[in-house]
Amino acid sequence: MNLFSFSRFPQAAATIFVLLFAASAQQGSDKDNHGIVSADMDRSIKPGNNFYEYCNGAWLKRTQIPADRPAVGVFSALADISNKNTAALIEEIAKSNAAAGSGNRKIADLYNSYMDESGIESKGLTPLKPHLQAIAAIGDKKQLAQVLGEGLRADVDPLNNTNFHTDNIFGLWIAPDFNDSEHYTVYLLQGGLELPDREYYLSNSEHMRTLRTQYQAHISAMLKLAGLSDPDTRAKRVFELEHAIAEKHWNLDDDQDIHKANNPWKRSDFSAKAPGLDWEAYFAGAALSHQSNFIVWQPSAFIGESALVASESLESWKDLLSYHLIENYGGVLPKAFADERFAFFGKTLSGIPEQRPRWQRGVAVVNAVLGDEVGKIYAQRYFPPEAKERAQKMVANIVAAFHKRIDALTWMAPATKAEAQAKLDTLYVGIGYPETWHDYSGLEIKSNDIFGNLWREETFHYHQEISRIGKDVDRHEWSMTPQTVNAVNLPLQNALNFPAAILQPPFFDKDAPDAVNYGAIGSIIGHEVSHTFDSEGSTFDSKGALRNWWTPADLEHFQSATAKLAAQYDSYHPFPDLALRGKQTLGENIADLGGIAAAYDAYIGTLQGKSAPEQDGFSGSQQFFIAYGQAHKNKIREAALRRQVMTDEHSPSEYRTETVRNIDDWYKDFQVQPGETLYLSPDKRVRIW
Ligand SMILES: [Zn+2]
């Protein structure tokens, strides 16, 4: 479970979240300021009425969202710094004339191939053609099954980076086995949609109905650009097939329920349980004919989608394959494709007026394809040993605070406590960068072939992933690159990653007082530690195995406390016609609440009974909470916010901030009184950890 949602491939249509937080500089904030930023606050607002605006009101008023961004905030500012640093590295490497076959040469060639716009224009449809012809040549459903299998990619990740979306009919994830945590196995997930989620096809709201009409026009436009005949008829077929697939899909609430997902199927079970698709041909296409065990995340979706392969016409499936291919590679085809894609997925779907400059998209592609190759150099240059040391100390303090909180729980039985403590004891915390790096030596990158580079990378990555099936789990393996502004909890490894790029100001500032560092990065560290004990994390034991280690009474208490938290978030309405989904965001909301509570304890611990220096009249404890609120500073466009509410496991920033209303000390620090908007009577405040 990560701090924010990201996806792996920036060229893919449905991965606008890559852009969502990769936005522009923190406007107007003082670079020499090392504490809370008073100039960003609106002190005319009562903290008890709207703590988010109290912390960020002046900033929200004066900040404009740049035309090429869906949102702007602290995360985007840091992502900008990281992108700029990464771009500088790449440019330096591109000039260095690195030896053929070296990692640096791959970085340079990949970047140059993406930037070669005139080469891309002059090639026109040439790179696309053989692939479209292969789809056109599919003669029957058996061949279709083979081609669908060949399209399987390692492009989903339901637990670590929380990405449930693939436009291929199914997606693959290689991870430790739910039922044998020492070895990697194959998880298969539902797929087949180009829009972000089933809601976009099924919701009856006017907003969504309009979007669907625009989407069908967009499909037609893409098919026309690719030179296919009867684009309108084909677009209608594609849309109807996707709509039928959406009806079979699980929603995000169910997707996140580990117990519903743990369905071991043998290879032979597929034909018996989910008839329709020729599974033998499918697994042959996917190079998985010898694999006997799988875990099927959403069985009823597999049954439904497989039946659709039989019931829907071959034409519809071929049109869907053609359209998905064109959409996925639209970003590296002539400009007309990229512009049409952006017009729909950027402007219409996310409300972003302008496309980002090409060099920024190029950096994103290099990060997605050769992330560790860049990360090696990035970590060396931008992450000094002192930063690592200080972050390690904060982590140790926050984990210690968690230990104490668990000890102090009155409702929890000693046996449950012992396993919870064991989980903390065995937690692996990676800081800055991984201990081992991904190996790209088998990946061929050419300086004038961006289409081929991305095609080869997808296949290379897929084969690298499936080669791990059955091997021993490496619990120290990372799932993020050092230049990523994010953090992650890996429940099956019982591990955390804090990449170098998030460990910098304003989250983490070596010159800032402890109050501010603990309120900002401390709460983030606490958030990731808390995922160990959220609604998902708590279903895994200290070895990462899926096992119930709770006494029935403890589990009941936990579930009723978390249900209270879900209800609290259900009551928030960012729009009159759209409320937050307390269940969809529950794991993240538990992590936020547990995180801030543990970080606060750890901060108070650092004071050792002394009082902290004031800033602008604020006590240390007040600074802690304001720093927390300011770490969530974010301004977002309406379309992007709607999308986040519907498809993201994370609550919008404002509501993440308002969780302070569950913490007793916050009431004391800001004299919050009954009758104020955020006020909760003590019995209504949710306490979980
Ligand atoms: Zn999280």
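Predicted model: local features only at pLDDT ≥ 70, side-chain atom pairs only at ≥ 80, totals over all residues.
Figure 1. If you check the backbone of Q608, you will find phi near 45°, a positive value in a residue other than glycine.

Figure 2. Phi of Q671 is positive, about 45°, although Q671 is not a glycine. With a relative accessible area of 56%, Q671 is exposed.

**Figure 3. Strand β8 and its buried side chains.** Here we turn to residues 495–499, which make up strand β8. Five of the five residues are buried, so β8 is largely enclosed by the rest of the structure. In a regular strand, side chains alternate between the two faces of the sheet. For β8, A495, N497 and P499 point one way, while L496 and F498 point the other way. The residues on both sides of β8 are all buried.

**Figure 4. The strands that pair with β8.** Strand β6 (residues 428–432) runs parallel to β8, and five bridges join the two. One place to look is G432, whose bridge partner in β8 is P499. Strand β7 (residues 488–490) pairs with β8 in the antiparallel sense, over three bridges. There, V488 has N497 of β8 as its bridge partner.

**Figure 5. The hairpin turn between β7 and β8.** Four residues lie between the two strands of this hairpin. Among them is N494, which has a positive phi of about 45°.

Figure 6. P505 and P506 are joined by a cis peptide bond, with omega of about 5°. P506 belongs to the loop between β8 and α22 (514–531).

**Figure 7. The whole protein, as a setting for the close-ups.** The secondary structure comes to 28 helices and nine strands. The radius of gyration is 25 Å, close to the 26 Å that the globule rule gives for 689 residues, so the protein is as compact as a globular protein of that length. The C-alpha trace spans about 75 × 55 × 50 Å along its principal axes, and 62% of the 689 residues are buried. Of the contacts between residues at least 6 apart in sequence, 75% join residues at least 24 apart. The protein exposes about 25400 Å², of which carbon and sulfur atoms supply 51%. As for charge, the mean positions of the 67 positive and 88 negative charges are 2 Å apart.

Definitions and conventions
Residues numbered from 1 in each chain as written. Heavy atoms only, no water. Rg over C-alpha atoms; globule rule 2.2 N^0.38 Å. Buried < 20%, exposed > 50% of the residue type's maximum accessible area, 1.4 Å probe, protein only. Contact = heavy atoms within 4.5 Å. Areas by Shrake-Rupley, 256 points an atom, 1.4 Å probe, with all protein chains shown as cover. Lys, Arg positive; Asp, Glu negative; His and termini not counted. Charge placed at Lys NZ, Arg CZ, Asp CG, Glu CD. Pairing = 2+ DSSP bridges.
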